[in-house]
Amino acid sequence: MNWWWSVLGGVLLIEGLMPLLLTKAWRNIFERMLQLRDGQIRFIGFISMLFGLFILWLNR
């Protein structure tokens, strides 16, 4: 269980770097994402999930 907390902490750390260091770029990305259709956002989420699973599979 501690491993999952470490993974979650790492994800939050990485996710927090973009708004901290590149605030304007982060805001522009979110403004552009608001213009996407639901299916496009789901596809991006699906691809991200597959990439994450691939990374986990490589590190097994």
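Visitor: Which residues make the nonpolar surface patch, and how do I read it?

Guide: A patch of this kind joins nonpolar side chains within 5 Å, from residues with over 30% relative accessible area. In this predicted model, the patch covers about 1100 Å². Its members are Trp-3, Trp-4, Val-7, Val-11, Phe-43, Phe-46, Ile-47, Met-49, Leu-50, Leu-53 and Leu-56.

Visitor: Which elements give two or more residues to the nonpolar patch?

Guide: Helix H1 (2-21) and helix H3 (38-58) do. H3 provides the largest share, with seven residues.

Visitor: Take Leu-53 as a case. Is Leu-53 buried, partly exposed or exposed?

Guide: Buried means under 20% relative accessible area and exposed means over 50%, with partly exposed in between. Leu-53, a residue of helix H3, has a relative accessible area of 48%, so Leu-53 is partly exposed.

Visitor: How many residues of the protein chain count as buried, as a percentage?

Guide: The figure is 0% of the 60 residues. The accessible surface of the chain is about 6000 Å², and carbon and sulfur atoms account for 70% of that surface.

Visitor: What pattern does the chain follow along the sequence?

Guide: The pattern is α-α-α, with three helices and zero strands.

Visitor: Is the chain compact or spread out?

Guide: One way to judge is to compare the radius of gyration, taken over C-alpha atoms, with a globule rule. Here the radius of gyration is 14 Å, well over the 10 Å that the rule gives for 60 residues, so the chain is more spread out than a compact globule. The C-alpha trace spans about 35 × 30 × 20 Å along its principal axes.

Definitions and conventions
Residues numbered from 1 in each chain as written. Predicted model: local features only at pLDDT ≥ 70, side-chain atom pairs only at ≥ 80, totals over all residues. Heavy atoms only, no water. Patch = residues over 30% accessible without salt bridge, like charges linked within 9 Å, V, L, I, M, F, W, Y side chains within 5 Å. Areas by Shrake-Rupley, 256 points an atom, 1.4 Å probe, with all protein chains shown as cover. Salt bridge = Lys/Arg side-chain N within 4 Å of Asp/Glu carboxyl O. Helix = DSSP H or I, 4+ residues; strand = E, 2+ residues; numbered from the N terminus. Buried < 20%, exposed > 50% of the residue type's maximum accessible area, 1.4 Å probe, protein only. Rg over C-alpha atoms; globule rule 2.2 N^0.38 Å.
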